[in-house]
Amino acid sequence: MEGKRKENNPEAIEFKGKNLEEAIKSAERHFKQHRSNLEYKVVAEKTRLMGAKKREVVIQAWIKTNQAYPELMDFLNNFLSHFPLKLEFYLRERENTIDVIFNGLDRFFLLRKEASLLNAIQHILNKIFSSLPKRIQCDCNNYRKKRERKIISLAEKAAEKVVQTGEKEILGLMNPYERRIVHLRINEIPGVSSESIGEGFYKKVVIYSLSSRENQ
């Protein structure tokens, strides 16, 4: 539940919940920011008597300095107000990426056909906000982590086959982020290497035996 702004910190807003987790989630929804981008402090923990005991936690929360990316926030809010799907989002800043995490009733439409719509939005955002210090990554329902595990598994199986047969293996079309995952994993496997082939944004990855390449 959102409360009033605090006079001693005009950026802080009061949130309530039956526990700390619920209060923090309310702050995340309001600010559209992951908790890693928020500062908060607990200002009250109390038990109310309303027929039965009811615990309540009250926090003050605000966005960390230089973490909001207001231009990106404004664009996404305007974009989703005209988008035909019911979606919500929040931002999470990590070491190398600004993650846009989508949620909402229609979120699963983003994941259809190998998350083609989610990838398209991510591509557009990175084109528009190329001046930002970090790459934008869009995610929904932990798709990126699941996809990364799947890609690594495919790369490992293909590499094992290459080692056994000496014949190259070609993986399907992937975007630059996915291809990088493959190349990093293949670099860790002795006796094989990889390279991207094709033109355009989506390319295939060929995995080949180093010994076979040297003998050519």
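Predicted model: local features only at pLDDT ≥ 70, side-chain atom pairs only at ≥ 80, totals over all residues.

Trainee: How many helices and strands are in the protein?
Mentor: The protein has 6 helices and 10 strands.

Trainee: And what share of the residues is buried?
Mentor: Of the 216 residues, 37% are buried. The accessible surface is about 13,400 Å². Carbon and sulfur atoms hold 50% of that surface.

Trainee: On to α4. How far apart are its end C-alpha atoms?
Mentor: They are 33 Å apart. Helix α4 covers residues 143-165, which is 23 residues.

Trainee: Which residues of α4 are buried?
Mentor: Y143, R144, R147, I151, A155, A158, A159 and V162.

Trainee: Why would residues three or four places apart point the same way?
Mentor: Because an α-helix has 3.6 residues a turn.

Trainee: What do the buried residues of α4 pack against?
Mentor: Helices α3 (112-128) and α5 (176-186) are among the partners. So are strands β7 (135-140), β8 (169-174), β9 (192-197) and β10 (203-209).

Trainee: What comes just after α4?
Mentor: G166, with a positive phi of about 80 degrees.

Trainee: Switching to the sheet with β7. What is the strand order?
Mentor: The order is β5-β6-β7, in an open sheet with mixed pairing. Strands β5 (88-93) and β7 each have a single partner strand, so one side of each lacks a neighbour in the sheet. The twist averages 25 degrees from one strand to the next.

Trainee: How do β6 and β7 pair, parallel or antiparallel?
Mentor: Parallel, over 6 bridges, with β6 spanning residues 97-103. I101 has D139 in β7 as its bridge partner.

Key
Residues numbered from 1 in each chain as written. Heavy atoms only, no water. Helix = DSSP H or I, 4+ residues; strand = E, 2+ residues; numbered from the N terminus. Expected span 1.5 Å × (residues − 1). Buried < 20%, exposed > 50% of the residue type's maximum accessible area, 1.4 Å probe, protein only. Contact = heavy atoms within 4.5 Å. Areas by Shrake-Rupley, 256 points an atom, 1.4 Å probe, with all protein chains shown as cover. Pairing = 2+ DSSP bridges. Axes fitted to C-alpha atoms, helices over the stretch in contact; angles between N-to-C directions.
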